[in-house]
Amino acid sequence: MSVQSLPELLIHDLGDILFAERTILKALPKMIREVSGAEMRARLEQHYEETQQQVGNLELAFAALGERAQAQRCPGILGIIQEHDEFKSEEEPSKPIMEAFDLGAGLRVEHYEIAAYRSAIAIARNLGIPEVIDLLQRNLDQELAMASFIESNAAMALETARANAEAAAAKSASRGGAKKGGARKGGAKKGAVKRGAAKKGGASKRGGAKKATAKRGSTKRARR
Ligand SMILES: [Fe+2]
Ligand SMILES: [Fe+2]
C-alpha cells in the first residue's frame, strides 16, 4: 500500500498498532508464567483483558474511518519480544533474574505502545477525527497506567529478585563447599562478607559491589 497522505498514514499506523497488540496478546501469557509475585501477575492478567479491549477499540477506529481492520507487520514490537526470547535462551538466567529482566521488557513494550498511540492521536487530531482520537486515547490511558504500575513496583520486585538470586547462589555455594570438605569453610565466610557488601551497594556483581561500596565511602569522605 502506497502511503502519500496523512489519512493513509493514520490507516497505516492503526494497522501497525493492531499488529503490535495482537502480538502482545500472544506474548503476555508467556510473561505471566514467568512472574512469581501475586500482585504483578494479577496486574498482567488484567492488562491481558485490557489488550483484548484495545484490539476491539482499534477495530472500531478502522470502522470510523470506513476501513477494514488490517494489521501491518510491526518489526518494532517483534524486536522487543525477540530480545526477551534471546536473553532467555542465550544467557540462561535463573528464574529471579529472568523476572528482573521482564520488568525492563514489560516497560519497553508499554513505552513502545505509548509512543505509537501518541503519534496516531496527533495525526487524528490534525485530521480532526474526534471518534478516532477518543478510541485511541482510551488505549493510551491503559498503557500509561500499566507503565506506571511496572515502574512503581520495580523497586520491590528487584529487591525480591536480588534476595532470591542470592539465596540460590548461597545454596549452591554451600553444596559445593560441603562436597569438598571442611577446608572450604573459610571461603564460604568470605563469600558471606561479599554478599553483605552487595546488599549495601545493591549491585549484582559481588566483586564489583565490594569495590563500588568502597568507592561510595571515599566519595562520602571527600564531600565532607
Ligand atoms: Fe496495548
Ligand atoms: Fe500495554
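1. Let's start with the secondary structure. In this predicted model, the protein chain has 7 helices and 0 strands. Reading from the N terminus, the order of elements is α-α-α-α-α-α-α.

2. The protein chain has 224 residues, and 23% of them count as buried. If you take the contacts with a separation of 6 or more, 69% of them join residues 24 or more positions apart.

3. Next, please look at the first two helices. Two packed helices are described by the angle between their axes and the distance between the axes. Helix H1 covers residues 6–34 and helix H2 covers residues 38–64; their axes come within 10 Å and cross at roughly 160°. An angle over 145 degrees counts as roughly antiparallel, and therefore H1 and H2 are described as roughly antiparallel to each other. The crossing of H1 past H2 is left-handed.

4. Which residues of H1 and H2 make the contact? On the H1 side they are Leu14, Ile17, Leu18, Glu21, Arg22, Ile24, Leu25, Leu28, Met31 and Ile32. H2 brings Arg41, Leu44, Glu45, Tyr48, Thr51, Gln52, Gln54, Val55, Leu58, Ala61 and Phe62. Sorted by class, this contact has 14 nonpolar, 3 polar and 4 charged residues.

5. In soluble globular proteins, nonpolar side chains tend to be buried together. Here the largest nonpolar core has 23 residues, and those with the most contacts inside it are Leu14, Ile17, Ala20, Ala120, Ala124 and Leu136. At least two residues of this core come from each of H1, H2, helix H4 (95–127) and helix H5 (130–180). Another core, of 7 residues, lies apart from it; among its members are Met40, Ala100, Ala157 and Ala161.

6. Ala20 deserves a click in your viewer. Leaving out residues up to four places away in sequence, Ala20 touches Cys74, Ile77, Glu113 and Ala116. Ala20 is also one of the residues with the most contacts inside the largest nonpolar core.

7. Finally, a backbone detail. Most residues other than glycine have a negative phi. Glu92, although not a glycine, has a positive phi of about 45°. You will find Glu92 in the loop between helix H3 (75–90) and H4. Is Glu92 buried or exposed? Glu92 has 9 C-beta neighbours inside 10 Å, so this residue counts as exposed; the cut-off for that is 12 or fewer.

Note on methods: Residues numbered from 1 in each chain as written. Chains lettered and ligands numbered in written order. Predicted model: local features only at pLDDT ≥ 70, side-chain atom pairs only at ≥ 80, totals over all residues. Helix = DSSP H or I, 4+ residues; strand = E, 2+ residues; numbered from the N terminus. Buried ≥ 20, exposed ≤ 12 C-beta atoms within 10 Å, placed from the backbone. Contact = placed C-beta atoms within 7 Å. Axes fitted to C-alpha atoms, helices over the stretch in contact; angles between N-to-C directions. Parallel < 35°, antiparallel > 145°, perpendicular 65-115°, else oblique. Left-handed = near helix turned anticlockwise from the far one by under 90°. Nonpolar A, V, L, I, M, F, W, Y, C, P; charged D, E, K, R; others polar. Core = buried A, V, L, I, M, F, W, Y, C linked by C-beta atoms within 7 Å.
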